Amino acid sequence: TLSGFNLIFFFFQAEDGIRDAQESRGLGDVYKRQGNQCSQEQQSKLGNLDISQDNSSLQEALVNQFYLTKEQAAKYLRPLKNAVNYNQAHLLIQLQELSTTEDREQLLQQIATVDFELINFLYNKKCKNEVQINTVEEVPKQQDKIEPFPNNQIQKIKNLTPTQRQEYRTHGLNLIKNNKVGVLLLAGGQGSRLGFEHPKGMYNISLPSNKTLFQIFAERIRRVAELAGNPSKLLPWYIMTSSVNHEETKQYFWDNNYFGFNDEYIKFFPQASLPAIDLNGKVILETASSLFMAPNGNGDMYEALLRNGIIDDMNNKGVEYIYVVGIDNILGKLADPTCLGYCAKNDFQIVSKWVPKISPTESVGIHVLRNGQPSIIEYSE
């Protein structure tokens with residue numbers, strides 16, 4: 001668990017799911033390329049394969065019918081059975097289409113890493129019954145109960161007295177000075193929508209200084225350390241990347257001398273990836289011998305912190321408060337002392353900081369209670 005840590009979130013919604021570039025590899029493009037992957041013709045290729053038969057007979061069928069070596073049939077029997085059990089038989093059929101043992105091994109290795117039960121759960125929870133398959137018509141679904149946040153759970157900064165604001169700010173700066181605060185930057189995305197095929201943090205947003213997002217965030221962290229009176233000891237900075245941009249992000253920081261940070265204060269760790277699926281819940285192939293994998297989103301943050309040993313690093317450094325911000329959030333005030341002090345003084349486990357919509361049509365998400373639980377409704381919803 002993340003017990004013992006306090007989380008500060010600053011939200012500034014990005015245009016998730018919108019793909020402007022014509023050459024985008026967004027899922028909509030993948031749907032068009034592949035469509036329904038398990039046609040009746042392909043289904044017939046399964047023949048009389050019965051995955052409920054004993055393992056010895058099933059391994060023999062995998063060798064004779066799907067051209068696996070005996071070693072592959074034994075090694076990958078369980079993941080292949082899981083694939084078929086969870087409506088992914090087209091992956092087994094795909095093995096017949098591959099001409100070399102090496103290609104089949106590549107696909108088998110990826111299949112073995114997939115949690116098909118999780119994929120099935122996510123599909124049934126999020127997609128099934130929301131869109132009628134093979135049409136663009138929406139089908140009726142039970143409506144969520146959406147309510148505004150209670151006023152007693154919201155603190156508007158403009159309603160704080162000058163004394164309160166100074167008290168919170170001073171307390172927040174003391175937390176920073178005493179090395180109790182870390183910054184977590186969610187930076188797993190690419191700049192594809194901007195026509196920039198590199199990590200989004202490397203994007204030059206056309207300021208007169210020509211600084212990139214990563215450099216801007218680095219300088220903001222340095223500045224808040226100076227304000228706290230501890231310029232020589234910068235805040236621990238944790239950067240969540242993805243399989244798409246992990247190595248390039250690390251190389252960029254190396255090439256820029258970590259923007260003045262001691263490299264022990266910057267930790268890079270990747271979020272996990274999941275295979276993309278089509279509207280029928282079928283796992284999509286990127287090539288004949290590989291699955292189309294995509295970063296599984298910022299929601300993996302919690303497990304990724306544990307999986308990559310970041311929680312241990314935070315404990316070793318004495319971090320008690322984690323300020324979380326997305327790479328898109330150019331307006332984000334990293335480690336905002338006032339917000340930190342407000343969180344700490346009131347002993348909150350989590351505070352989410354946001355700006356209100358200026359009009360109903362503004363492309364900004366909103367914080368609400370959805371079925372009684374805190375939630376965010378994206379403007380695209």
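# Close-up views of a predicted protein model

**Figure 1. Surface and overall make-up of the chain.** The protein chain exposes about 21,200 Å², and carbon and sulfur atoms supply 47% of that area. The model is predicted. Of the 381 residues, 41% count as buried. The chain holds 14 helices and 15 strands.

**Figure 2. Helix H3 and its buried face.** Helix H3 covers residues 55-66. At 1.5 Å a residue, its 12 residues should span 16 Å; the end C-alpha atoms are 15 Å apart, which agrees. Leu58, Ala61, Leu62 and Phe66 are buried in H3. Seen down the helix axis, these buried residues fall within an arc of 100°, so they line one face of H3. Their packing partners are helix H4 (70-75), helix H5 (77-85), helix H6 (89-97) and helix H7 (101-113). Ser56, Glu60 and Asn64 are exposed on the other side of H3.

**Figure 3. The two ends of H3.** At the start of the helix, aspartate 54 brings a side-chain oxygen to within 3.2 Å of the backbone nitrogen of serine 56. Serine 56 is itself one of the exposed residues of H3. Just after the helix comes tyrosine 67, with a positive phi of about 65°.

Figure 4. Aspartate 115 caps the N-terminal end of H8. A side-chain oxygen of this aspartate lies 3.3 Å from the backbone nitrogen of glutamate 117. Phe116, Ile119 and Tyr123 are the buried residues to look for in H8. Down the axis of H8, the buried residues fall within an arc of 55°, so they line one face of the helix. That face packs against H5, H6, H7 and strand S8 (273-275). Glu117 and Lys125 are exposed on the other side of H8. Helices H5, H6 and H7 also receive the buried residues of H3.

**Figure 5. Salt bridge between aspartate 144 and arginine 370.** The structure holds 10 salt bridges. In one of them, the side chains of aspartate 144 and arginine 370 meet at 3.1 Å, N to O. The pair links distant parts of the chain, 226 residues apart. Aspartate 144 sits in the loop between helix H8 (116-126) and strand S2 (146-147). Arginine 370 belongs to strand S14 (residues 366-370). Aspartate 144 is partly exposed, at 37% relative accessible area. Arginine 370 is partly exposed too, at 21%. The cut-off for buried is under 20%, so a value of 21% falls in the partly exposed class.

**Figure 6. Salt bridge between lysine 345 and glutamate 167.** The two side chains meet at 3.6 Å, N to O. Lysine 345 lies in helix H14 (residues 337-345) and glutamate 167 in helix H9 (residues 162-177), so the bridge ties together parts that are 178 residues apart in sequence. Lysine 345 has 42% relative accessibility and counts as partly exposed. Glutamate 167, at 40%, also counts as partly exposed.

**Figure 7. Salt bridge between aspartate 300 and arginine 307.** Here the side chains of aspartate 300 and arginine 307 meet at 2.7 Å, N to O. Aspartate 300 counts as buried, at 6% relative accessibility. Arginine 307 is partly exposed, with a relative accessible area of 43%.

**Figure 8. Threonine 249 in helix H11.** Threonine 249 is found in helix H11 (residues 246-255). The residue is buried, with a relative accessible area of 0%. Its side chain reaches the backbone oxygen of asparagine 245 at 2.8 Å. Leaving aside neighbours within four places in sequence, threonine 249 is in contact with Pro199, Phe214, Thr241 and Phe268.

**Figure 9. Asparagine 174 and alanine 228.** Asparagine 174 has its place in helix H9. At 38% relative accessibility, asparagine 174 counts as partly exposed. Asparagine 174 and alanine 228 are 54 residues apart in sequence. In space, their C-alpha atoms are 6.6 Å apart. Helix H9 also carries glutamate 167, the salt-bridge partner of lysine 345.

Methods: Residues numbered from 1 in each chain as written. Predicted model: local features only at pLDDT ≥ 70, side-chain atom pairs only at ≥ 80, totals over all residues. Heavy atoms only, no water. Helix = DSSP H or I, 4+ residues; strand = E, 2+ residues; numbered from the N terminus. Buried < 20%, exposed > 50% of the residue type's maximum accessible area, 1.4 Å probe, protein only. Areas by Shrake-Rupley, 256 points an atom, 1.4 Å probe, with all protein chains shown as cover. Expected span 1.5 Å × (residues − 1). Arc of directions from axis to C-beta. Contact = heavy atoms within 4.5 Å. Polar contact = N/O pair within 3.5 Å; in protein donor to acceptor, adjacent residues only side chain to side chain. Salt bridge = Lys/Arg side-chain N within 4 Å of Asp/Glu carboxyl O.
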